Amino acid sequence: MFNNILICEGYAISGYEWDSSKVDPLKYYNANSYFLIDSAAYDWNYCLWGYPSLSSVSITNEDVWVEPDDFGETGWSGIFIAWETEGYNYLYCYIFINTYEIMYYSNDEIKSVIAHEFGHCWGLAHVYTNNLMNPSDFDRFSNYVYSPKDDDVDGVGSIY
Amino acid sequence: MKKNNIFLFIIISILILTLININVFDVYENIDDTKNRYIDVSWVKKYTSLKDLYNDSYVVIIGEVLSTNYRNILVKSNVTSVPFTDFVIKINSVLKGFVSNDTIVVSQTGGLLNDVLFMIRDDPLMQNGDKVILFLNKEEKYGSHFILGGPQGRFVILNDHVFSIGELQPQTDSITKSLWTKGITLDDFTDDIRS
Ligand SMILES: [Zn+2]
């Protein structure tokens with residue numbers, strides 16, 4: 001049921017993306033005014049500043065919903081759900097942070113989880129290298145990956 | 001007369017098989033594949049050996065998926081629900097821990113929401129009839145157990161050989177990679193986790 005993931009050297013593309021007319025900077029609806037959500041979004045926008053192709057367009061506030069909630073011992077700290085899609089275009093996305101699983105995470109670690117989910121929001125898929133899109137919290141934290149790395153940013157730059 | 005009986009038998013057999021098929025697959029007939037909805041998660045734990053998985057588990061079982069039940073958890077803001085699926089697993093043997101019944105309920109993230117199936121990309125939902133080895137955490141508030149590390153704590157038995165989820169998926173890389181069993185026998189697998 002899934003399309004094939006295109007894997008490049010340092011990043012992987014899920015195949016999904018926003019219509020190119022509405023992408024930069026990353027905007028979102030922060031359901032609980034959780035400051036680490038703003039912090040993760042700021043990191044992305046700061047990193048993407050250098051991509052002129054991303055300068056004129058924006059995701060509106062209602063397109064991405066981000067909310068911390070308690071889902072119990074699910075094994076995951078963050079979840080990204082592509083809720084509405086039209087072909088391979090996102091229309092609407094949800095990101096939830098599992099407050100149960102991040103109970104003992106530092107602020108940097110929580111920010112890393114949120115920034116990782118924002119990466120999916122751009123259209124990135126998982127990699128198993130020392131980048132933000134590594135799906136293992138353990139791998140990212142033990143390599144101090146809390147914000148987008150060059151490969152993650154290049155991945156977004158290659159999509160839009 | 002005999003020929004007629006055989007003919008009737010064949011017709012009835014075909015009818016029964018068709019009905020069984022409809023029952024098995026009707027869940028999927030309602031699913032709109034064209035909408036391509038998927039989930040990606042960030043996994044909390046990473047396991048690099050069967051021994052670590054075993055030590056971290058409350059319960060380890062060998063069993064078979066009997067039935068599937070979809071449920072959804074409404075988020076605090078009420079904007080949507082997150083889909084989960086509860087599986088009733090018939091227990092063939094318990095490798096660790098204590099289970100009082102001959103079945104156990106195991107949950108996975110992903111499921112049916114508004115007739116659309118949502119699945120975690122690297123942790124596809126179990127199917128009825130799957131023969132599995134599951135490394136489970138303690139029972140949680142919904143009365144079910146989650147699988148340790150998502151796809152990492154689930155192994156599938158095919159022809160008496162054990163495979164990790166990543167080995168059965170077309171992707172070349174996976175969070176389960178350090179747990180790939182390369183299809184060892186069930187006996188070797190149980191020896192490995194206890195060694
Ligand atoms: Zn992810």
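Biologist: What should I know before I start?
Modeller: This is a predicted model, in which local features need pLDDT of at least 70 and side-chain atom pairs count only at pLDDT 80 or more, while totals for chains, interfaces and linings use all residues. Residues are numbered from 1 along each chain as its sequence is written, chains are lettered from A and ligands numbered from 1 in the order in which they are written, and side-chain values use heavy atoms, with hydrogens and water left out.

Biologist: Okay, which protein donors does the zinc ion have?
Modeller: They are His116(A), His120(A) and His126(A), each through NE2, lying 1.9 to 2.0 Å from the zinc ion. Donors here are N, O and S atoms within 2.8 Å of the metal (3.2 Å for Na, K and Ca), and water is not among the atoms, so sites may look incomplete.

Biologist: And how are those donors spaced along the chain?
Modeller: They follow the spacing H-x3-H-x5-H. His116(A) and His120(A) are separated by about one helical turn, because they are 4 residues apart in helix H2 of chain A. Helices (H or I, at least four residues) and strands (E, at least two) are DSSP runs, numbered from the N terminus.

Biologist: Is His116(A) buried or exposed?
Modeller: His116(A) counts as buried, because its relative accessibility is 0%, and His120(A) is also buried at 0%. Buried means under 20% relative accessible area, exposed over 50%, and partly exposed in between (1.4 Å probe, protein chains only).

Biologist: New topic: how many residues are in the largest nonpolar core?
Modeller: That core has 44 residues, and those with the most contacts inside it include Trp44(A), Val64(A), Phe80(A) and Phe118(A). A nonpolar core is a set of buried Ala, Val, Leu, Ile, Met, Phe, Trp, Tyr and Cys residues joined through side-chain atoms within 4.5 Å.

Biologist: Which element gives the most to this core?
Modeller: H2(A) does, with 7 residues. There is also a second, separate core of 22 residues, which includes Trp76(A), Ile81(A), Trp83(A) and, from chain B, Trp43(B).

Biologist: What does Trp44(A) touch?
Modeller: Leaving aside its neighbours within four places in sequence, Trp44(A) is in contact (heavy atoms within 4.5 Å) with residues including Phe118(A), Trp122(A), Asp152(A), Val153(A) and Val156(A). Asp152(A), Val153(A) and Val156(A) are among the buried residues of helix H4 (residues 150–159) of chain A, and what covers the buried residues of H4(A) includes helix H1 (35–48) and helix H2 (107–122) of chain A.

Biologist: Where do Tyr105(A) and Phe141(A) sit?
Modeller: Tyr105(A) is in the loop between S6 and H2 of chain A and Phe141(A) is in helix H3 (residues 137–142), 36 residues apart, which links distant parts of the chain. Both Tyr105(A) and Phe141(A) are buried.

Biologist: Over to chain B, why is S4(B) called largely enclosed?
Modeller: S4(B) is largely enclosed by the rest of the structure because 9 of its 11 residues are buried. Ile104(B), found in this strand, is buried with a relative accessible area of 7%.

Biologist: Which strands pair with S4(B)?
Modeller: Strand S3 (residues 81–96) of chain B runs antiparallel to S4(B) and is joined to it by 7 bridges, and Ile89(B) stands opposite Ile104(B). Strand S5 (residues 116–120) is also antiparallel, with 4 bridges, whereas strand S7 (residues 145–146) is parallel, with 2 bridges. Two strands pair if DSSP finds at least two bridges between them.

Biologist: What is in the turn between S4(B) and S5(B)?
Modeller: The two strands form a hairpin with 2 residues between them, and Asn114(B) in the turn has a positive phi of about 50°.
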